[in-house]
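Q: Could we go through the packing and the pockets of this model together?

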Amino acid sequence: MTSNPILTARGLKRNYQQGDSNTPLSVIRHIDLDIMQGEKLAIVGVSGSGKTTLLNLLGGLDDPSGGSVVLKHRVWADLSASERAAWRNRHVGFVYQFHHLLGEFSALENVALPCLIGGESVEKSKHYAAELLTKVGLGERLAHRPSELSGGERQRVAIARALVRKPSLVLMDEPTGNLDSKTADSVLDLLISLNRDLNISLVVVTHDPLIAQRLDRTITLVDGVLESALD
C-alpha cells in the first residue's frame with residue numbers, strides 16, 4: 001500500500017430538510033477523511049449514524065451541503081452529470097447488502113455491463129467478466145441467471161461486477177449482512193484476496209466488529225461525526 005490518498009474529503013456536511021421545519025436535519029456534520037491506495041477501511045456505527053450517507057457522498061451519488069470530495073484529483077461537485085457518471089464508472093465500484101443483479105441477465109452479462117457502459121466492445125467486456133467470475137470461483141456458472149444461484153454466489157457476482165473495471169475504489173454497504181456466517185466469511189476472504197491482488201481500495205460499512213477487525217483501519221461514526229473528532 002502506498003502513502004498516496006486516492007480520495008480526500010474535507011469539511012464534509014450533509015443536511016436534509018425535514019418537512020415544513022425550518023431546521024434542517026444534520027446527518028453528516030463535519031468529516032475530514034483520506035483513503036489511501038490499496039487501503040481496507042471499515043466504517044462502523046449504529047443505525048442512523050450516517051454511514052450510508054457518507055458512502056454515497058464519497059462515491060459521488062449524493063452532493064454534500066458543505067465541503068468537498070476529491071477522487072483521483074477530480075472534485076465530484078465540479079463534474080457535470082455525464083462526467084460524474086463516466087468518472088464513477090471508471091474509478092468506483094459499489095457492493096450492497098442485496099446484490100441488485102438484473103434477473104433477466106446471466107452472471108456473465110451482469111458483470112460485463114459496466115464495461116459495456118464504459119465503451120468496451122462486447123467481446124472484451126465478456127472476456128473481462130469471464131476472467132473475473134472465474135477468479136471469484138464462478139467459472140462454471142457464467143450462463144446462470146441470479147435465480148439459479150445461491151445467495152453467496154449472487155453476492156460474488158455483485159463483487160465481480162464492482163471490480164470488473166478495475167476501479168480505484170470499491171464502496172460496500174453491509175456486503176455480508178444478508179449472508180449466513182460461513183458464506184460471509186468466504187466472501188470476506190475473497191474481498192481481502194482481491195484487495196491484495198488488485199491493489200484496489202476497499203471501504204466497508206458494517207455492523208460486524210469481526211469484519212472490521214480484519215481490515216486495515218476502522219473509523220466510527222457517531223451522529224454524523226467521526227469518533228476521533230469528538231471531544
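This is a predicted model: local features need pLDDT of at least 70, side-chain atom pairs count only at pLDDT 80 or more; totals for chains, interfaces and linings use all residues.

Q: How many residues are in the largest nonpolar core?
A: That core has 38 residues. L133, V157, I159 and V170 have the most contacts inside it.

Q: Which elements each supply at least two residues of it?
A: The helices are α3 (107-117), α4 (122-135), α5 (151-163), α6 (181-198) and α7 (209-212), and the strands are β3 (40-44), β7 (169-173) and β8 (201-205).

Q: And which one gives the most?
A: That is α6, with 7 residues.

Q: What is I159 in contact with, leaving aside its neighbours within four places in sequence?
A: I159 touches V95, V187, L190, L191 and L194.

Q: What of a second core?
A: There is a separate one of 29 residues, and I6, L57, L169 and I219 are among them.

Q: Changing topic: what volume does the largest pocket have?
A: Its volume is about 390 Å³. The lining consists of 15 residues, and those closest to the pocket centre are N89, V92, G93, F94 and P114.

Q: Where does the largest share of that lining come from?
A: It comes from β6, which supplies 4 residues. The elements that each supply at least two lining residues are α2 (81-91), β6 (92-96), α3 and α5.

Q: How many of the lining residues are nonpolar, polar and charged?
A: The lining has 9 nonpolar residues, together with 3 polar and 3 charged ones.

Notes
Residues are numbered from 1 along each chain as its sequence is written. Side-chain values use heavy atoms; hydrogens and water are left out. A nonpolar core is a set of buried Ala, Val, Leu, Ile, Met, Phe, Trp, Tyr and Cys residues joined through side-chain atoms within 4.5 Å. Buried means under 20% relative accessible area, exposed over 50%, partly exposed in between (1.4 Å probe, protein chains only). Contact means heavy atoms within 4.5 Å. On a 1 Å grid over the protein atoms alone, a cavity is a set of points where a 1.4 Å probe fits but cannot get out, and a pocket is an open set with protein on both sides within 12 Å along at least five of seven lines; lining residues have an atom within 4 Å of a point. Grid points are joined across faces, edges and corners, and a volume is the space filled by probe spheres set on the points. Ala, Val, Leu, Ile, Met, Phe, Trp, Tyr, Cys and Pro count as nonpolar, Asp, Glu, Lys and Arg as charged, and the others, Gly among them, as polar.
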